[in-house]
Amino acid sequence: MMILDPQAATTIPHSMRLVLLVDDSRAQRRTLAVQLLRAGYQVVEAASGDEAMRICLERRPDIVISDWMMPGQSGLEFCRRFREMQSDRYGYFILLTSRNDKKDIAQGLRAGADEFLTKPVSGAELLARLSASERILRMEESLRSANTQLSATLAQLRETQAAIDRDLREAQRLQQGLVRERHGRYGDFDLSLLMRPAGHIGGDLVGFFPINARRVGLFALDVAGHGVASALLCARLAALLSGGTDQNIALRITDLGLYDARPPTEVLRHLNTLMIEELRTESYFTMVYADLDFLTGQLRLVQAGHPHPVLQRADGRIERIGGGGLPVGVFPDAAYDEVQLALGPGDRLFISSDGLTESENARGEPLGEEGLNAILRTNATLRGDALLESICWSAAHYAGGRRGDDISAVLVERQKNGGGPWG
């Protein structure tokens, strides 16, 4: 092996790339080496394929110029081995040959050669081939650098995503904690809540709170959109509707110092004003708010753009409740209408978000109100969590397991006198 000093070059350095010359003819190597040194390249020589492989492992040449015909390992075999050892960067391979048959050229290309030079090699042709190799190598280096930067960026993104996922899981735990009680019993009424976000966090919220010794407030709301913004607004609304505190927008203190509830229409007007004048957010939400007298079964309800509550009577009849109403946080002068109804023994009221009725099958057809009514009829003997789970399972089965929106629900059930399906 002979290494020639690049400082001996008499011309301006070209690119200082390392070129490996492989030829069993020392004279041929010397002739090519002089031309390469003059062009500004570093040069290292090998007299055989085996020696060349050892150099490749130690020095990683940028360009290889190898004779095809050599004793022992041929240039073609060396080319194949050279390609097999490369992983992180590309080396340009030129085969020296006296062959010009198309089959030979095809064989060389399959082995991994980039270019061919016919012996005897002219200096002008050699430099032209090296100029072409420079373009390929510069392009490869540019791509490799871009890939390195991309890999680093992707690694940072994965770390960031992992941190976001951890935060979202914690946010999910905290959001689920906003619903402090999933079940409640007031007189002969049972209340059950369901919250199933489509992602880590969602924009749905359900809950109930005691008003006084005979009344309970209950609500279901759905913030438009998904993600962090919706979840934050949900948290804010949860604080406004938490039971037994001075901050509860639905409660007021009487002259006797006792808690009483504002009328449902007044609660919605307050929330609408708060959204538009104080929070000043581009978000809005739909809602159902109800005030239940659990001693008499009388219920006062306001619907603000939320899906219609469903009243299932003890005899199985189903009634659609409410007139629709406007969402909260859209129109400053929005008016809300109150609906009054009586829940008798064995009756139940089901309030859900549109994530349930908008579940679509494979044909893109939504479950709809009729589909929900059919599920309620089918599950007439179930109650509480069993009913809520069965409704969710039926909707998921209808949608083929796909779910693109949050699902939440409030179930109000009055026990049936004398026993019965839910007595």
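**Terms set against values**

User: What makes strand 2 and strand 3 a pair?

Analyst: Five bridges join strand 2 (residues 18–22) to strand 3, and the two run parallel. Helices (H or I, at least four residues) and strands (E, at least two) are DSSP runs, numbered from the N terminus.

The model is predicted: local features need pLDDT of at least 70, side-chain atom pairs count only at pLDDT 80 or more, and totals for chains, interfaces and linings use all residues. Residues are numbered from 1 along each chain as its sequence is written, and side-chain values use heavy atoms, with hydrogens and water left out.

User: How do you know the handedness of the crossover between strand 2 and strand 3?

Analyst: The chain passes from strand 2 through helix 1 (residues 26–38) to strand 3, and this β-α-β crossover is right-handed. The term applies if, with the strands pointing away from the viewer, the path from the first strand over the helix to the second runs clockwise.

User: Why is strand 3 described as mostly covered?

Analyst: Four of the five residues in strand 3 (residues 42–46) are buried. Buried means under 20% relative accessible area, exposed over 50%, and partly exposed in between (1.4 Å probe, protein chains only). Across the 423 residues of the protein chain, 46% count as buried.

User: How are threonine 357, arginine 60 and glycine 404 classified, and why?

Analyst: Threonine 357 has a relative accessible area of 12% and is therefore buried. Arginine 60, at 27%, counts as partly exposed, whereas glycine 404, at 65%, counts as exposed. Threonine 357 is in helix 8 (residues 354–357). Glycine 404 is in the loop between helix 10 (384–398) and strand 19 (407–414), and its C-alpha atom is separated by 7.7 Å from that of glycine 355, 49 residues apart along the chain.

User: Which residues count as contacts of threonine 357?

Analyst: Leaving aside neighbours within four places in sequence, threonine 357 is in contact (heavy atoms within 4.5 Å) with Pro366, Leu367, Gly368, Glu369 and Leu372.

User: What makes a group of residues a nonpolar core?

Analyst: A nonpolar core is a set of buried Ala, Val, Leu, Ile, Met, Phe, Trp, Tyr and Cys residues joined through side-chain atoms within 4.5 Å. The largest one has 53 residues, and those touching the most other members are Leu218, Leu221, Leu271, Phe285, Met287, Tyr289 and Val412. A second, separate core of 21 residues includes Met53, Ile55, Trp68 and Cys79. In soluble globular proteins, nonpolar side chains tend to be buried together.

User: What makes strand 9 and strand 17 edge strands?

Analyst: Five strands form an open sheet in the order 9-10-13-14-17, with antiparallel pairing. Strand 9 (204–210) and strand 17 (338–342) each pair on one side only. Within the sheet, nine bridges join strand 10 (residues 215–223) to strand 13 (residues 285–293), and phenylalanine 219 has tyrosine 289 as its bridge partner in strand 13.

User: Where does helix 7 pack, and at what angle to strand 13?

Analyst: Helix 7 (residues 264–279) packs on the sheet, touching strand 13, strand 14 (298–304) and strand 17, and its direction makes about 150° with that of strand 13. Axes are lines fitted to C-alpha atoms, for helices over the stretch in contact, and angles run from 0 to 180 degrees between N-to-C directions. Helix 6 lies across strand 9, strand 10 and strand 13, at about 165° to strand 10.

User: How do you know that the span of helix 7 is close to the expected one?

Analyst: The expected span is 1.5 Å times one less than the number of residues. Helix 7 has 16 residues and reaches 21 Å from its first C-alpha to its last, against 22 Å expected. Helix 6 (residues 228–240) has 13 residues and reaches 19 Å, close to the 18 Å expected.

Definitions and conventions:
Pairing = 2+ DSSP bridges.
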